[in-house]
Amino acid sequence: SVVEQTKTYAAAAQDNQRKLIEEVRSVTTSTQLVDQICKKIDNDSVQREKKKANVLISNVPEPLSTLSGKEKKEADIIYLCQNFEMERNEIVNCFRTGAIKNDGEGNPLPRPIVAVMLDEQTARHYHNGGKGYRIGSSWINPDLCKVDRENRFLAREERRRKKKETAQEAKE
């Protein structure tokens with residue numbers, strides 16, 4: 001419910017505040033303290049603003065390794081248009097993020113694609129207003145800054161914990 005999610009986000013924010021307070025304690029002067037807090041808040045706000053029009057698409061096959069960088073980018077854009085019903089004129093830019101990793105058998109795992117959309121409204125349409133959208137085995141999600149990813153992770157953990165508790169109470 002909305003109330004539970006609000007409580008969960010409040011708990012995540014409280015954890016972030018605790019971490020910040022611990023960092024603050026290590027700073028010796030008040031000027032350094034204010035500067036440090038302002039930089040963290042500004043950095044999060046800037047990152048959040050930069051990523052508003054982005055979507056993160058996971059589990060999209062990598063293009064052929066024989067292609068050049070521009071050709072790989074164009075292949076990714078064509079794939080997004082064909083498989084996710086995106087319009088070419090809605091995609092401003094796209095790129096793969098992260099290092100290439102292998103599964104246990106030496107096969108490369110596909111890196112996520114960050115697609116910069118025309119505007120925030122277009123991005124919201126594709127990631128279902130922040131809820132995520134699944135097509136086949138691929139997911140389209142908002143491109144979040146680190147703090148927001150951590151908060152969502154903590155919220156999921158809290159929901160799992162509560163679900164587990166209610167399941168145990170139902171058994172008793």
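**A helix residue, a strand trio and a pocket**

His125 counts as exposed, because its relative accessibility is 59% and anything over 50% falls in that class. The model looked at here is a predicted one. His125 has its place in helix α4, which covers residues 120-126.

Now for the wider picture. The chain holds five helices and seven strands. Going along the sequence, the order reads α-α-β-α-β-β-β-β-α-β-β-α. Of the 172 residues in the chain, 23% are buried.

Val55 leads on to the strands. Strand β1 takes in residues 54-58, and it runs antiparallel to strand β7, residues 138-142, with four bridges joining the two. Val55 sits opposite Pro142 of β7, while Ser58 faces Trp139 of that strand. Strand β1 is also joined to β5, residues 113-117, again antiparallel and again through four bridges. Here Leu56 has Val114 as its bridge partner in β5. As a rule, side chains in a regular strand alternate between the two faces of the sheet.

Strand β7 has a further partner in β6, residues 133-135; these two pair in the antiparallel sense over three bridges. One of the facing pairs is Tyr133 with Ile140 in β7. What do β6 and β7 form, and how many residues lie between them? They make a hairpin with two residues between the strands, and Gly136 in the turn has a positive phi of about 60 degrees.

Most residues other than glycine have a negative phi. Asn59 is not a glycine, but its phi is positive, at about 65 degrees. Asn59 lies in the loop that runs between β1 and α3, the helix of residues 69-84. Is Asn59 exposed, partly exposed or buried? Asn59 is partly exposed, because its relative accessible area is 37%, and that class sits between the 20% and 50% limits. Glu85 is a further residue other than glycine with a positive phi, near 55 degrees. Glu85 is found in the loop between α3 and β2, the strand of residues 91-96. Glu85 counts as exposed, because its relative accessibility is 67%.

That leaves the largest pocket, which contains about 530 Å³ of space. Which residues lie nearest the centre of the largest pocket? They are Asn16, Lys40, Asp44, Val147 and Glu150, out of a lining of 19 residues. Three helices each supply at least two residues of this lining: α1 (2-26), α2 (30-50) and α5 (146-171). By type, the lining residues of the largest pocket divide into nine charged, five polar and five nonpolar.

Definitions and conventions: Residues numbered from 1 in each chain as written. Predicted model: local features only at pLDDT ≥ 70, side-chain atom pairs only at ≥ 80, totals over all residues. Heavy atoms only, no water. 1 Å grid on protein atoms, 1.4 Å probe; cavity = no way out; pocket = protein on both sides within 12 Å on 5 of 7 lines; lining within 4 Å. Points joined across faces, edges and corners; volume = space filled by probe spheres on them. Nonpolar A, V, L, I, M, F, W, Y, C, P; charged D, E, K, R; others polar. Buried < 20%, exposed > 50% of the residue type's maximum accessible area, 1.4 Å probe, protein only. Pairing = 2+ DSSP bridges.
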